[in-house]
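Subject: Structure handover

Hello,

Here is the structure for you to look over. My notes on what turned up follow below it.

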Amino acid sequence: MNGEYLNKITHGDALQILSKLESKSIDLVLTDPPYFLDKMDNAWNARKVGSITDYCHTIKSLPPGMKFDKEQGKKFYEWYYQVAKEVLRALKPGGFFFSFSSPRLYHRMVSAMDDAGFLIRDCFIWLYTQNQPKAMSLNHFIERLNEDKETRDDLIKQLNGWKTPQIKSCFEPIVMAQKEPDGTFLENFRKYNVGLLNTNVKIGQEMFPSNVVSTNKINEIVDKCFLISKPDKKEKGDFNLHRTVKPLSLCEYIINLTTYSNEAVVLDPFAGSGTTLVAAKKLGRKFIGIDINKEYIEISKRRLKSSEVDCSGYNAVSTEKQLRIFDKTVKYKKLNKRKIAKAV
Ligand SMILES: C[S@@+](CC[C@H](N)C(=O)[O-])C[C@H]1O[C@@H](n2cnc3c(N)ncnc32)[C@H](O)[C@@H]1O
């Protein structure tokens with residue numbers, strides 16, 4: 001029944017298309033929905049988002065740090081509750097729902113999924129070291145105060161280095177939720193091929209899979225435990241104008257961890273430039289993508305066209321290690337003991 005959506009990306013509103021998917025037909029939902037910050041909400045418009053002028057998602061007319069609307073979280077909850085209800089229906093029992101979010105509104109997203117009926121199993125963290133700080137100095141406002149120059153200068157001195165409450169954000173939380181299994185984990189898995197995690201997947205240097213992942217080299221100890229391969233410059237495509245492209249290896253990690261065979265169907269209702277779909281295709285899984293913006297669909301199609309299945313005949317039963325991490329040996333500068341102590 002999902003035939004018309006399978007291995008395609010469909011243009012439309014996620015809630016409408018989701019309602020057309022067959023119940024209990026999807027193995028994994030891996031998605032990166034709008035975060036409901038600035039103009040990135042469920043009526044996301046590619047042109048408006050294109051007008052965001054800096055890396056920290058700030059609209060030109062609104063200086064960073066000036067927009068804080070408590071209604072955003074409530075709207076996000078109400079909308080995501082509806083989305084989660086549909087996702088719950090479409091997933092097989094035991095199927096996983098992974099959803100990215102921002103540290104600021106994660107709680108609303110997860111509460112919506114919890115209230116819609118999901119079991120909230122864990123929180124993954126995508127860790128990085130580089131990001132644009134958003135905190136603002138108050139000097140500009142102090143200079144406009146209707147007070148004498150000496151008072152203003154004193155205040156500027158007193159508040160030297162004190163900024164608006166926005167710390168540099170260096171992680172993205174990803175919730176791992178699960179549809180209630182049908183019977184025991186074993187019974188459910190034998191019936192639906194979902195609901196367990198594949199611990200043959202390794203992270204870092206042959207480590208047991210963890211809920212912390214990093215896609216950039218940080219230091220020897222962090223990389224040993226959490227590094228999944230670094231994004232390749234080519235993977236995004238130089239034609240890709242999407243603002244929030246996720247690393248392919250992160251999507252591959254989650255797909256490998258949760259889907260059993262190449263019969264599995266991976267759904268991304270907010271596909272953007274199609275990273276989840278490309279990862280699913282590369283791993284030989286089936287996929288369904290949805291996005292409300294035609295511009296992004298064209299980008300996804302281009303990326304899908306140029307990506308190849310590179311583990312044909314993949315079968316989780318016979319594959320011991322699925323992620324090809326550290327294919328090439330990574331060379332580190334030797335850290336001295338003091339630096340290591342600092343790092344841990
Ligand atoms: C954060 S982006 C996803 C980016 C994606 N992970 C990637 O790597 O390119 C969220 C996407 O949701 C889409 N979107 C927003 N509202 C939507 C809706 N109501 N239905 C379907 N898609 C929607 C936006 O067009 C946007 O591309």
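With 15 C-beta neighbours inside 10 Å, Asn7 counts as partly exposed. Please keep in mind that this is a predicted model. Asn7 sits in the segment before strand 1 (8-11). Its phi is near 55 degrees, a positive value in a residue other than glycine.

Asn193 also has a positive phi, near 60 degrees, and is likewise not a glycine. Its place is the loop between helix 7 (185-192) and strand 6 (212-214). Asn193 has 18 other C-beta atoms within 10 Å, so it is partly exposed.

**The sheet**

Strands pair through backbone hydrogen bonds, in either a parallel or an antiparallel sense.

Strand 3 (residues 91-100) is worth a look. Nine of its 10 residues are buried, so strand 3 is largely enclosed by the rest of the structure. What joins it to strand 2 (residues 26-31)? Five bridges do, and the two strands run parallel. Thr31 stands opposite Ser99 of strand 3. Five bridges also link strand 3 to strand 5 (residues 171-178), but this pair runs antiparallel. There, Phe98 has Met176 in strand 5 as its bridge partner.

Strand 7 (residues 265-268) and strand 8 (residues 286-291) run parallel, joined by four bridges. Val266 is bridged to Phe287 in strand 8.

**The nonpolar core**

The largest nonpolar core has 65 residues. Which of them touch the most other members? Phe97, Met113, Ile255 and Val266 do.

Take Met113 next. Setting aside neighbours within four places in sequence, Met113 is in contact with Ala84, Phe97, Phe118, Ile120, Val175 and Ala177.

Helix 10 (residues 248-258) has 11 of its 11 residues buried, so the rest of the structure largely encloses it. The buried set includes Glu252, Asn256, Ser249 and Thr258.

Helix 12 (residues 294-306) gives a simple geometry check. At 1.5 Å a residue, its 13 residues should span 18 Å; the end C-alpha atoms are 19 Å apart, which agrees. Its buried residues are Tyr296, Ile297, Ile299, Ser300 and Arg303. These cover an arc of only 160 degrees around the axis, which puts them on the same side of helix 12. An α-helix has 3.6 residues a turn, so residues three or four places apart point the same way. Which residues are exposed on the face turned away from the buried side of helix 12? Lys294, Lys305 and Ser306 are.

Best regards

Technical notes
Residues numbered from 1 in each chain as written. Predicted model: local features only at pLDDT ≥ 70, side-chain atom pairs only at ≥ 80, totals over all residues. Core = buried A, V, L, I, M, F, W, Y, C linked by C-beta atoms within 7 Å. Buried ≥ 20, exposed ≤ 12 C-beta atoms within 10 Å, placed from the backbone. Contact = placed C-beta atoms within 7 Å. Expected span 1.5 Å × (residues − 1). Arc of directions from axis to C-beta. Pairing = 2+ DSSP bridges.
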